[in-house]
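Subject: Structure for you to look at

Hello,

Here is the structure I said I would hand over. Please open it and keep it beside this email while you read.

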Amino acid sequence: MDCGPLNLPRWRLLALLSAMSVLVSGGITVHEASASIQVFDSPLSSPATLNTAEDLNYRGTDTNVPASPEAPTGVVHTYHYGADAAIWNTSLAAGQASSPATGQARKILLEGCAVPAADGTPPLTQIHFQVLSPQLGGGVKVSLSSGAFDIPICGRGGASGSTVTTYEPVNLCVRQDDYVAFNEEGGFVEHSYQSGVPYEVLSAVNGSSFDSFIRGGGTNNGDVFSPSDASAMDGFATNASRELMMQVVLGTGADATHICLGGTAGLPPVLPPIRVSPQTDGINHQRIVAIAVYCRLTPECKGVATLTLPGKKAPVGRAGFSLSPNKTTHMPIRVAKALMGQIRKHHGITTTLTATVAGKTISQTIAVKIL
């Protein structure tokens, strides 16, 4: 049966995809079953319709001014200081606000844009993302901040509260239960952005809530946002029935950089415990051949080595060894008496050295001659 095209608004389509626990963004396909890629924070189930200048839970202040077209009632309300601010989800009607595992925030999807002033003054578009570690008493500490990014300006290039922009921070490491915050620099401009730039990245969602912290120069790495630090114009605030429209794609294990705890991506290959190069070694009248071996382990490289002929399983020489670390040692192996005739007849033979060290097996070709 042909059901025809799926004619849904963009934000409803995003909600449907989120409910299916599938995200496709920038070449990454995320499924709920994936162990190394997970998605947390907002499901982006509605468009951003609220902004950071007017819709944060600060009392603000009223200033009496002469009546004018700009202030017809003679009162100007300032919602809060237009200063540095961090905003992070703490509970969600659907989804998990904090990181479900330790790893790397590989991508951050932010819905919304910066609202330009009516007088045409361009808004500050520079934003950051921050990792916040929970503290005793309900506060959080800024453990890491991303580099600078730019948020779209509403009305330019079709940007709106439904626009989802994908950002890729570098080495943004996250621990389990950490939060990821939207961080902005206020963008105060008198009259134009009295309470800072209105970043339209919030939505009214029953059952969700986010916290915010405003402080000029007070949202840097190492700063603590405490619920006891609150005022009418800045500090800590809890914002009920509100949601920051931001989603995090988390990588762990092989999908997280090795710079982050538990990540393995980008690590150099693990070198074997010993290095044996192809070589030609002389054998003495006691039937002992000394093979050059470099040991990488501390305090020693301990194991068993055998020599075999090509296509044969039975060893023609065998020796236990204990080699000093970080140096090349000539490891002696006595070969079978019957082998000496072949060495003389053919002016040397080719053997295979097999050594087992720390559970690793290393093989190399060794030519043996009478020198």
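Below is what was found, taken topic by topic.

Please keep in mind that this is a predicted model.

Disulfides

A disulfide is a covalent bond between the sulfur atoms of two cysteines. The count here comes to three disulfides. If you number the bonded cysteines in sequence order, the pairing reads 1-2, 3-4, 5-6.

Cysteine 113 and cysteine 154 form one of them, with their sulfur atoms 1.9 Å apart. The torsion about this S-S bond is about 95°, so the disulfide is right-handed. Cysteine 113 belongs to strand E8 (residues 113-114), while cysteine 154 sits in the loop between strand E11 (149-150) and strand E12 (164-167), so the bond ties together parts that are 41 residues apart in sequence. Is each of these two cysteines buried or exposed? The cut-off for buried is under 20% relative accessible area. Cysteine 113 has a relative accessibility of 0% and therefore counts as buried. Cysteine 154, at 17%, counts as buried too.

Another disulfide joins cysteine 173 to cysteine 260, with an S to S distance of 2.0 Å. The angle about its S-S bond is -85°, and the link is left-handed. This pair connects distant parts of the chain: cysteine 173 is in strand E13 (residues 173-174), and cysteine 260, 87 residues apart from it, is in the loop between strand E19 (246-251) and E20. Cysteine 173 is partly exposed, with a relative accessible area of 21%. Cysteine 260 has a relative accessibility of 2% and counts as buried.

There is also a disulfide between cysteine 295 and cysteine 301, again listed with an S to S distance of 2.0 Å. The link has 90° about the S-S bond and is right-handed. Both cysteine 295 and cysteine 301 are buried.

Arginine 275 lies over the face of tyrosine 294, at 4.8 Å from the ring centre.

Glycine 263 has a relative accessibility of 10%, so it counts as buried. Leaving out residues up to four places away in sequence, glycine 263 touches Gly253, Ala256, Thr257 and His258. Its C-alpha atom is separated by 8.2 Å from that of glycine 251, which is twelve residues apart along the chain.

Aromatic pairs

A pair of aromatic rings is described by the distance of the centres and the angle of the planes. The count of aromatic pairs comes to seven. In the case of phenylalanine 213 and phenylalanine 225, the ring centres are 4.5 Å apart and the planes are at 10°, so the pair is stacked. Phenylalanine 213 is in strand E16 (residues 202-214) and phenylalanine 225 is in strand E17 (residues 224-225), twelve residues apart. Both of these phenylalanines are buried. Ring pairs also link Trp88, Phe213, Phe225 and Phe236 into a cluster.

Nonpolar cores

Which residues touch the most other members of the largest nonpolar core? Among its 35 residues, they are Ile127, Phe129 and Phe182. At least two residues of this core come from each of strand E6 (85-91), strand E7 (103-111), strand E9 (126-134), strand E14 (179-184), E16, strand E18 (235-244) and E19. A second, separate core has 28 residues, including Leu323, Met331, Val335 and Met340.

Setting aside neighbours within four places in sequence, phenylalanine 129 is in contact with Ile108, Leu144, Ser145, Ser146, Phe149, Tyr167, Leu172, Ala181, Phe182 and Met246.

Regards

How values were computed. Residues are numbered from 1 along each chain as its sequence is written. This is a predicted model: local features need pLDDT of at least 70, side-chain atom pairs count only at pLDDT 80 or more; totals for chains, interfaces and linings use all residues. Side-chain values use heavy atoms; hydrogens and water are left out. A disulfide is a pair of cysteine sulfur atoms within 2.5 Å. Helices (H or I, at least four residues) and strands (E, at least two) are DSSP runs, numbered from the N terminus. Buried means under 20% relative accessible area, exposed over 50%, partly exposed in between (1.4 Å probe, protein chains only). Rings of Phe, Tyr and Trp (its six-membered ring) pair if their centres lie within 6.5 Å; planes under 30 degrees apart count as stacked, over 60 as edge-to-face and the rest as tilted. A charge sits over a ring if NZ of Lys or CZ of Arg is within 6 Å of the ring centre and within 35 degrees of the ring normal. A nonpolar core is a set of buried Ala, Val, Leu, Ile, Met, Phe, Trp, Tyr and Cys residues joined through side-chain atoms within 4.5 Å. Contact means heavy atoms within 4.5 Å.
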